[in-house]
Every structure is written in C-alpha cells, then in structure tokens.
Amino acid sequence: MELTKWSQFFDYSREPRRAIFFEDVKSNYASIECIERSLNPMTTSLCVMSRADNSNGLILAASPTFKKVFGMSNVSHSKELPFLPNNRKFNYRLWYQKHTDIFGQRTEPDPKYIAEVEYWARQTYIVPPQMLLYIKKNLEVISILREITSIDEIHAYSIDESCIDVTESLDFFFPEVSDRYEQMDKLAQLLQRKIYHQTGLYVTIGMGDNPLLAKLAMDNYAKHNSNMRALIRYEDVPNKIWNISDMTDFWGINVRTEIRLNKLGISSIKELAHADPDMLKREMGVIGLQHFFHANGIDETRLTDKYKRKSVSFSNSQTLPRDYTRKQEIKLIISEMAEQLAVRLRKSKKKANNFSLYVGFSMVDYQKSISVSRKIEATNSTNELQEIATRLFSEKYDSGAVRRIGVSANNLIDEPYQLISLFDSDETSEETIKQKKDEAIQDALDTIRKKYRYVSVQKATVLKKGSRAVARSKMVGGHSAGGLEGLE
C-alpha cells in the first residue's frame, strides 16, 4: 500500500477496523410517490414539487428517469425545467435565455428535441410533497435496520440516509463465511433485499472499515455500480480515495473549503493527504488537521458515542408564500412564530436569556436583511416573547417587501432556575398575580394542544389576512405534510 511521507502520524494496523454500512434510499421522496401509485421508481418520470398545485415551486426530489431525461437534479426550481409545468409545452423562453449570444443572435431548438421534451413532459408526474408519509417510510426502514443490528449502532444521518455498525452481526448471519469483507457484502445484499421486499424501495449501500470510508464508498462508487454496493478498506485509500477527481465530492469539503485549500497549493485529495499537517492546522485550525486525516482514510468515530451539545437554542423560520408589505401582517406572522417558540420552550422546560429576529426581503426589494439579537430576562412566556419580537421588528423595520422571517430563542436555561432581583416586591403584588394567571392560561392551552394538536385552540387573529398559523400547522419541515394522521 502506498504511504505518505507523514505516515509516522498514524498506523492503519492500529486504527479501528469496524464493519460499517452507509445506506441511502435511492431518490427517496420520488420513489415513495411512485410506490404509492404502483409505479416503478426506476423507470417512471416523476418529481416532487412544493406548491405543485400552481406549478411554481421548488423541485424537492426527482426519480432517476426524470433526472436523466431532463438533465435536472434534486432541489432546483420549476422555472429551470425545459417544459412548462402547467401545459407540458416546450419552454422556449428558457431555451432562448440560454441560446442567445451577446449580439442577440438566437439558436433555434431542434424540432426532434422539442418533440422529445414534450413527449416526456406528458408522461411526467408532478406531485406535491407528503412529509409525514416520508417520515413513516423512514421509520419502516429504521425498523428493518434494527433486524440486523442494535438500535445503539444505528445513526440516522438524514431522512433517507443512515450509518450502521454491523461488526457484531457478521458472524451471526454468516458464520460459515471466513472472509469479513465477503460477510459484509452478503449482509449488505440481504439488507437491500429486505428493504425492497418490505417497502419497495431501492437502497444504495457503501461499506467501509470506518464511517468515513463507508460514506465515501456510497457517494462516489456504490451509486454508480449496478448492484448499488461498494467497499473501501484502508488498503484501498490510495486507489479509491486519492483518485476522487472533484474535491467537493469528498465528505466535508464544500466549494469554500476547496478554494481555501487551492490557495494553499492543494488541488486534489491526494495532495491533501500528502500535505504538511502542521501547515494545515496553522492555516485552517483543527478542521484543517481533520481534512488531512480524512484524506488518509482516518476516522475513529464510534456510533455508540453519543454527542452532547454544549448549548441549545430553538429557532423557527419560514419563507412566505408571497411578498408581505403591510407592517401589521408582518407583525402577525412574527407574533405567531414567537408563540410557537414559546410553546417549544415550555414543552422542553427551558427559558431563553436571548432573543433573535431575522427578516429577509424579496428579491425585487434590494434591501439588506434585518438581523438583530437582544439580551432578555429569562422567559418562556408567550406574551413576553411576542412583545419582544414585535418590538424588535418595529425598531428595525421601515418599509419593504418581506419574504423570509426567522426567530430564535438562545442561551437557554432550565425552567426552575431564574434570576431573582433584590428589588422584587411583595409576592402578592398585582403584577405577580397577573403573571400567575397568564402562566395558568398558558399551561391550560399547552395541555389542550398536546392532546388535540396545536391548532385545536387558536386566537381569532388566525382569521386575519396574512396569518400563516393554520397553514404552517399542516407542514413538516416547511413542506406539505400530506394526508397521513397519527404522526404527531
């Protein structure tokens, strides 16, 4: 095995050699929608689009056939489609935007290409997201993963991706096989079949000696193999990791990181693996040293080691369905979001010592976004957080078309603890009595909402124009939850 000049920093024989799988459901949302319609996920042209009812939203997911036919990827805008979603006709406007030179000379589309686009457009299903359905399917997949390893060895990386440690499962399922990597491949194949037969979903699996190698195997090799499986061992690092052509295809390296590395004279994963770790740490900090070890295939993560966050904050943000220009309507949205934040705080028995507000403007309004944070007296009161949120907004907002709003409760403390002022008056003061009444009302509302859903009790303001409380209650992750019930 080829070694780097810095090999004295690590010894592969002393590194943990676990049996790690990284599994990914192929075109998850789109595949689920195909299965719900008794369609083949691999041959059907389908995309999941937010606001599919007016065909003017984001494409959240697409089937492999859709991607291949239209050259599209997940998370793109409907206006980038080569056809018009509302009538399935060729998108001439988009074509001419891309095929008109600086002198105004246009290249006309080939009639055969137009016919092919319109043919596939008519065959394409454009469907709205059903987030609760996707969560339900994910739980089914997790249940299957638990059939081959313990729940402690499963790390849900995302709604369609999980990392699992199957080291202790190899001899249980395939005791007759002596080679551990052959055991891993057989168990990965067994898992693929289980998931397919029980859910109809196709799963890509990367295998490796550690989580990093398994992730790289899945992203860079398994997705391109016909059996949708791939393996990277420590011995494969020079041939499989150092030969990854695009640095941004490597886990943890985005475009900005690539630019920073390029400025240091590093333009490939192999060069990163051979770089001076002291220089990387000096120029990039600890993260630079992490990239160095990752480029050499080193990752000592154990899935059973649970990460504990040092600090916690609660946030809530949304992109509005239209431009909001009336100050009272924007205040209403902010007030509703502050109330949801207060409910989350009380549910977690936390209070916030800091509150942040973000207001983003529409693209038609060339204004700098508003971002303000304010230290507050520890609270989880709906009324107090609403008052703070709307006051911050009134202080900073003059005019403009608002399209995105975010609120955040920070510097949280446990609910029983609070600062006591030396100047606090008699406990039976009018203000204290009012506070206790407000808390009693909040507790009653929280109890009802917990039992009968959040929208079971709402203020009359939800009937006002611009309110988003009811609409947001029907969403999961900012998208339509679908028609499933019972997944509170």
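Helices here are DSSP runs of H or I with at least four residues, strands are runs of E with at least two, and both are numbered from the N terminus. This is a predicted model, in which local features need pLDDT of at least 70, side-chain atom pairs count only at pLDDT 80 or more, and totals for chains, interfaces and linings use all residues. Residues are numbered from 1 along each chain as its sequence is written, and side-chain values use heavy atoms, with hydrogens and water left out.

Back to Lys215. Is Lys215 buried or exposed? Lys215 is buried, at a relative accessible area of 8%. Buried means under 20% relative accessible area, exposed means over 50%, and partly exposed is in between, using a 1.4 Å probe and protein chains only. Setting aside neighbours within four places in sequence, Lys215 is in contact with Phe22, Tyr157, Glu161 and Trp251. Contact means heavy atoms within 4.5 Å.

Now the helix around that residue. Nine of the 10 residues of H8, which covers residues 211-220, are buried, so the helix is largely enclosed by the rest of the structure. Among the buried ones are Pro211, Leu213, Met218 and Asn220. At the N-terminal end, Asn210 caps H8, with a side-chain oxygen 3.1 Å from the backbone nitrogen of Leu212.

Next, helix pairs. Two packed helices are described by the angle between their axes and the distance between the axes. Axes are lines fitted to C-alpha atoms, for helices over the stretch in contact, and angles run from 0 to 180 degrees between N-to-C directions.

Helix H1 (residues 28-36) packs on helix H5 (residues 131-145) at about 95 degrees, with the axes 10 Å apart. H1 is therefore roughly perpendicular to H5. Under 35 degrees counts as roughly parallel, over 145 as roughly antiparallel, 65 to 115 as roughly perpendicular, and the rest as oblique. On the H1 side, Tyr29, Ile32, Glu33 and Glu36 meet Met131, Leu133, Tyr134 and Lys137 of H5.

The second pair is H10 (residues 255-263) and H12 (residues 277-284), with an angle of about 120 degrees and axes 11 Å apart. These two are therefore oblique to each other. Thr257, Arg260 and Leu261 of H10 make the contact with Leu280, Glu283 and Met284 of H12.

Last, the whole chain. How many helices and strands does the protein chain have? The secondary structure comes to 17 helices and 17 strands. Of the 488 residues in the protein chain, 46% are buried.

Note on methods: Polar contact = N/O pair within 3.5 Å; in protein donor to acceptor, adjacent residues only side chain to side chain.
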